[in-house]
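Hi,

Here is the structure I promised to pass on.

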Amino acid sequence: MTGYLLGIDNGSQSTKVTVFDEHGKVHARARVPLRPNDTPRPGVVEHPDDDLWDSIGAATRAALDAFDGRPGEILGVGLCTIRFCRAMLRADGTLAQPVLSWMDERVSRPYEHTNPDVRYVTTSSGYITARMTGQFRDTAANYQGVWPIDTDSWEWVAEPDVPRGMLFELVQPGDRLGTVTAEAAAHTGLPAGLPVFATANDKAVEALGSGLADDRTLLLSLGTYIAGMTTGARNVRDAKAFWTNFACRPHEYLYESEGIRRGMWTVSWLRDLLGEEKWLNAGAATVPAGSDGLIAVLDWLAPVEAPFRRGAFLGFDGRQGPFHLYRAVLEAIALTLQGNGNAMAAELGTEFSRVLVSGGGAGSDVLMQIVADAFDRPARRAQGGAELGAAICAGVGLGLFGGFDEAVAALVSPGAEFVPDPVTHERYRRLGEVYRELPGHTDPLFTWLASKGE
């Protein structure tokens, strides 16, 4: 390989764009925050105006400005966007109405054709592909939920509940979506004609870029939605402790535990209230495991099946301060995922021997150590993420590597490892039992509060 790969990660809170070389070394990186969602009424959560496309343009231009090479040395682009969004497009590929966030209650129901301006219905990745390449083509691996897709064949069902002409052509991760148009080149700074490659849903792309490759490893994805993930070749249906998603390798699957909605959003919210993240992490490291009895209930965004739930802190007695609040949230994240991950492993008939941690929260040493102690397993910081996973797909699509395994071996490097402390694990083991019993005590309270209009 005598060039570079560019990975785009359009996430729930920001768009990140990174330029990698053939060893996975970062040569330029930029991040542009998304604007706050529009929430004009309960249940409606929309991306304002053309924010997804605008942020991708701004982040790509910023990354290219920081790049020490020439744009012409970039060989290909991997495109990853937010999953579970819904985009309604005009015939020319522009938005007929705002993109529905994954948090919008309408995305849990099949599409209803009420706007005559809508010619196509697609995901966020389909929309950005149309803007980037002019092609009405999308990765099959970003269609989960109510989309009319056969999860065995990765193809549209024979009789979809959306007119077939309104749905995009489906391709596989690593397939070419098209090339950058002149209009998209002006918007992004990328060279016109540059090939753009399909990835999958953002969690699966993150898993690929983190190096997740076997069912003995649990990946904790610390994003706006936090989940534990592992991988396999079976399309497991009707599981109780997890659900089966498409992986970022064609016809492989990603198993996802129950998760935490607004997970790292809650951490960001608390940071904005209390102070700078570096200060909070340093202070939280001085707080004993268990946060001196303070417990966080992480339902800042209630699960769909229990909409009455709310977030809470329990156990104040005057000893606690801002560092306790912060550590209690980190402990709640780790212990919730430890319980959910173990339940998934039991149903899959496996046992996790190691934990990978990806996302912005993985940069926190105190959170990494809490994860290792909660799981009683070595916890390794993932060096890559969705941007690297997107670049891997581009490299495979260009034929630079002899498949995904070779690309991962070349581009993904192991990060720092944190070793569990047996004494702290025993404290977390007991505290984990408390977390598992908590809903039985807090659900009646939150149900009562909801009935009173609180």
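Predicted model: local features only at pLDDT ≥ 70, side-chain atom pairs only at ≥ 80, totals over all residues.

Let me start with helix α1: its buried residues pack against β1 (4–10), β2 (14–20), β3 (26–33), β4 (74–81), α2 (124–133) and α3 (182–188). The buried set in α1 is Asp51, Leu52, Trp53, Ser55, Ile56, Gly57, Ala59, Thr60, Ala63 and Leu64. "Buried" here is under 20% relative accessible area, "exposed" is over 50% and "partly exposed" is in between (1.4 Å probe, protein chains only). Contact, packing included, means heavy atoms within 4.5 Å. Helices (H or I, at least four residues) and strands (E, at least two) are DSSP runs, numbered from the N terminus.

Residues are numbered from 1 along each chain as its sequence is written, and side-chain values use heavy atoms, with hydrogens and water left out.

The expected span is 1.5 Å times one less than the number of residues.

Next, α5. This helix has twelve residues and reaches 17 Å from first C-alpha to last, close to the 16 Å expected. Gly263, Met264, Thr266, Val267, Ser268 and Leu270 are buried in α5, and their cover includes β13, β14 (226–232) and α7.

How do α5 and α7 sit against each other? The axes of α5 (residues 263–274) and α7 (residues 322–348) come within 11 Å and cross at roughly 175°, so the two helices are roughly antiparallel. Axes are lines fitted to C-alpha atoms, for helices over the stretch in contact, with angles from 0 to 180 degrees between N-to-C directions. Under 35 degrees counts as roughly parallel, over 145 as roughly antiparallel, 65 to 115 as roughly perpendicular and the rest as oblique. On the α5 side, Gly263, Met264, Val267, Leu270 and Leu274 meet Pro322, Leu325, Tyr326, Val329, Leu330 and Ile333 of α7. That contact has ten nonpolar residues, one polar and no charged. For those classes, Ala, Val, Leu, Ile, Met, Phe, Trp, Tyr, Cys and Pro are nonpolar, Asp, Glu, Lys and Arg charged, and the others, Gly among them, polar.

Helices α4 (residues 202–210) and α9 (residues 386–398) pack at about 80°, axes 7 Å apart, which means they are roughly perpendicular.

Two single residues are worth a look. Arg262 is in the loop between β16 (253–257) and α5, and counts as partly exposed at 25% relative accessibility. Leaving aside neighbours within four places in sequence, Arg262 contacts Met103, Thr224, Trp300 and Leu301. Thr217 lies in strand β13 (residues 217–222) and is buried, at 4% relative accessibility.

Finally, the aromatics. Rings of Phe, Tyr and Trp (its six-membered ring) pair if their centres lie within 6.5 Å; planes under 30 degrees apart are stacked, over 60 edge-to-face and the rest tilted. That rule gives 16 aromatic pairs. One of them, Phe242 with Tyr255, is edge-to-face, at 5.6 Å centre to centre and 65° between the planes. Both Phe242 and Tyr255 are buried. Trp269, Trp300, Phe313 and Phe316 form one aromatic cluster.

Cheers
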